[in-house]
Amino acid sequence: MNKYDWLVEYLLAKPGATTDFKVEWGWQRYQVGGKMFAATCRPDPKHEAYACRELLTLKCDPELARLLRAEYPDIVPGFYMDKRNWNSVFLDGDVPDDIMRDMCDRAYDLVFGKLIKRTQREILENHAAR
């Protein structure tokens with residue numbers, strides 16, 4: 001287990017968040033409205049920069065993505081994703097919990113904000129009814 005044992009529960013507590021395992025990729029994906037905002041995976045050794053380290057990959061504003069990478073060595077360009085819009089975090093690394101939570105919140109908000117208004121409203125109504 002990694003030090004971010006709160007992570008899965010935190011991601012799934014977001015309104016409308018769902019998860020599935022993409023067998024072909026070996027990724028546990030976190031989605032809202034059918035769109036991915038986060039994923040965890042463990043790249044195999046052929047991906048030397050990421051090799052065999054568990055990652056959390058998150059959608060991110062391009063400017064913020066760049067700033068986070070510059071400040072935290074354990075935040076790197078998104079594994080197997082558009083490097084401008086995604087960051088990966090080494091889960092065995094040293095990124096403070098508050099930064100991780102903020103990154104998760106922002107990733108969710110970016111994706112949720114792109115959903116059509118009707119879908120957003122349905123997700124929020126369903127979440128409130130719980």
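**Figure 1. Lining of the largest pocket in the predicted model.** Six nonpolar, two polar and four charged residues make up the lining of the largest pocket. In this classification Ala, Val, Leu, Ile, Met, Phe, Trp, Tyr, Cys and Pro are nonpolar, Asp, Glu, Lys and Arg are charged, and the others, Gly among them, are polar. The model is predicted: local features require pLDDT of at least 70 and side-chain atom pairs count only at pLDDT 80 or more, whereas totals for chains, interfaces and linings use all residues. Residues are numbered from 1 along each chain as its sequence is written, and side-chain values use heavy atoms, with hydrogens and water left out. The lining consists of Glu-24, Trp-25, Gly-26, Trp-27, Cys-41, Arg-42, Pro-43, Asp-44, Lys-46, His-47, Phe-79 and Tyr-80. A pocket is an open set of points on a 1 Å grid over the protein atoms alone, where a 1.4 Å probe fits and protein lies on both sides within 12 Å along at least five of seven lines; lining residues have an atom within 4 Å of a point. The space in the largest pocket is about 200 Å³, a volume being that filled by probe spheres set on the points, which are joined across faces, edges and corners.

**Figure 2. Surroundings of Phe-79, a residue of the pocket lining.** Phe-79 belongs to the loop between β5 (75–77) and β6 (86–90); strands are DSSP runs of E with at least two residues, helices are runs of H or I with at least four, and both are numbered from the N terminus. With a relative accessible area of 6%, Phe-79 is buried (under 20%; exposed is over 50% and partly exposed in between, with a 1.4 Å probe and protein chains only). Beyond neighbours within four places in sequence, the contacts of Phe-79 include Trp-27, Cys-41, Pro-43 and His-47, contact meaning heavy atoms within 4.5 Å.

**Figure 3. Packing of helices α3 and α4.** The axes of α3 (residues 97–114) and α4 (residues 117–128) lie 8 Å apart at an angle of about 125°. Axes are lines fitted to C-alpha atoms over the stretch in contact, and angles between N-to-C directions run from 0 to 180 degrees. From α3, Tyr-108, Phe-112, Gly-113 and Lys-114 meet Gln-120, Ile-123 and Leu-124 of α4. Four nonpolar, two polar and one charged residues form this contact.

**Figure 4. Tyr-108 and Lys-14 in contact.** Tyr-108, in helix α3, is buried at 5% relative accessibility. Lys-14, in the loop between α1 (7–12) and β1 (17–22), is buried at 12%. Their C-alpha atoms are 7.7 Å apart in space, across 94 residues of sequence. Lys-14 also touches Cys-104 and Asp-105, and Tyr-108 also contacts Pro-15, Val-32, Phe-37 and Ile-123.
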